[in-house]
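Hi,

Here is the model I promised to pass on.

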Amino acid sequence: MPFVAGFAVITAAQNLWMLLGGRLLTGLACGIASLVAPVYISEIAYPEVRGLLGSCVQLMVVTGILLAYLAGWVLEWRWLAVLGCVPPSFMLLLMCFMPETPRFLLSQHKRQEAMAAMQFLWGSAQGWEEPPIGAEHQGFHMAQLWRPGVYKPFIIGISLMAFQQLSGINAVMFYAETIFEEAKFKDSSLASVVVGLIQVLFTATAALIMDRAGRRLLLTLSGVVMVFSTSAFGAYFRLTEGGPSNSSHVDLPAHLSMEPTDTNMGLAWLAVGSMCLFIAGFAVGWGPIPWLLMSEIFPLPVKGVATGACVLTNWFMAFLVTKEFSSLMEVLRPYGAFWLASAFSIFGVLFTVACVPETKGKTLEQITAHFEGR
């Protein structure tokens, strides 16, 4: 008995460490990588290919998720966890051979451009080699928020991250497998793979056309597609909703079961099409572009703090939407919740048209000059 009890304690401790350690590593990896990777890429890339390289960050995220789904079919959960440790370990090894700062990777021509940007931002090119001496230039001070070249991109970055999550992407992903079940797929677990394939395909498409079509156009088209698809998604829930219920819990299958089977199956295909269209639209624009713009629009003296604030906003809004969406479905009903997401997508499109500048092919100096009205 003591041996059995001791083994149970050890097993419980291992499971707890897997849970806490895994989530801690996920938070550190997502937080640090999402903060550093887009900024690093934007600093080492020529403006002509910055969109392609920046979009590859998002492409690697969705590709990794797809590979996890595929690996989950053939591996036990324990080996799947072990496999998940391989890419970050390899990345850690490569990081040991990377320069301390991206400026050492720049060509002579790019170096001259950067020095000119330093001269414009700091009044001299000294900041290229060492940070300017003087407390007024070091880090983020609140006085810099009064500069149009700082507060305008700061508002844009924060807003884009908020609209990205308010579009309802997490809610759609949450119901993906249930929707495929209602459409009578033989294997509803294929939903995750289908969703992953759509994300990879259209994120790769966005990466290829980003530097040709531009950020504003893709954001606008992506938003319009998302408005249409979430509106159709809401219509699907409205059409399949049964009569009044005394239950305070909103259960998706319960709403679908009130209609005849043939009708439900036909409408379920409407939901599948709307979901796939939404994911494709999101992957083309509102998935990768907010992260790319975040790395392009901030002046160097405030880039670290401003980028961190954008990342924090994104994760906070993701948590808020995920946590409160069920409550919204109880108050507004499922169709109302998705129509609300459609309304937020409309606001996102209007905000893009009114406030977001086109940054494709532009240097940091040109982008800063745009915000300062020069």
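Let me start with a contact between side chains: Glu 372 and Arg 147 form a salt bridge, with 3.3 Å between the closest N and O atoms. Glu 372 sits in the segment after helix H15 (364-371), while Arg 147 belongs to the loop between helix H5 (108-122) and helix H6 (148-166), so this pair ties together parts that are 225 residues apart in sequence. Searching the whole structure turns up four salt bridges. Do keep in mind that this is a predicted model.

Next, the helix packing around H10. As you know, a packed pair of helices is described by the angle between the axes and the distance between the axes. For helix H10 (residues 215-240) against helix H14 (residues 303-355), the angle is about 165° and the axes are 8 Å apart. Angles over 145 degrees count as roughly antiparallel, so that is the label for H10 and H14. Their crossing is left-handed. And what is the contact of H10 with H14 made of, by class? It has 15 nonpolar residues, eight polar ones and two charged ones.

H10 also packs against helix H13 (residues 289-296), here at an angle of about 150° and with the axes 11 Å apart. H10 and H13 are therefore roughly antiparallel to each other as well, and the crossing of this pair is left-handed.

Last, the surface. Which residues make the nonpolar patch of about 480 Å²? They are Tyr 46, Val 49, Leu 52, Leu 53, Leu 208 and Ile 209. Helix H2 (50-74) and helix H9 (190-213) are the elements that give two or more residues to the patch. Tyr 46, for its part, is found in the loop between helix H1 (2-44) and H2.

Cheers

Key
Residues are numbered from 1 along each chain as its sequence is written. This is a predicted model: local features need pLDDT of at least 70, side-chain atom pairs count only at pLDDT 80 or more; totals for chains, interfaces and linings use all residues. Side-chain values use heavy atoms; hydrogens and water are left out. Axes are lines fitted to C-alpha atoms, for helices over the stretch in contact, and angles run from 0 to 180 degrees between N-to-C directions. Helices (H or I, at least four residues) and strands (E, at least two) are DSSP runs, numbered from the N terminus. Angles under 35 degrees count as roughly parallel, over 145 as roughly antiparallel, 65 to 115 as roughly perpendicular and the rest as oblique. A crossing is left-handed if the near helix is turned anticlockwise from the far one by less than a right angle, and right-handed if clockwise. Ala, Val, Leu, Ile, Met, Phe, Trp, Tyr, Cys and Pro count as nonpolar, Asp, Glu, Lys and Arg as charged, and the others, Gly among them, as polar. Patches are made of residues with over 30% relative accessible area and no salt bridge: like charges are joined within 9 Å, nonpolar side chains (Val, Leu, Ile, Met, Phe, Trp, Tyr) within 5 Å. Accessible areas come from the Shrake-Rupley method with a 1.4 Å probe; for residues, only the protein chains shown count as cover.
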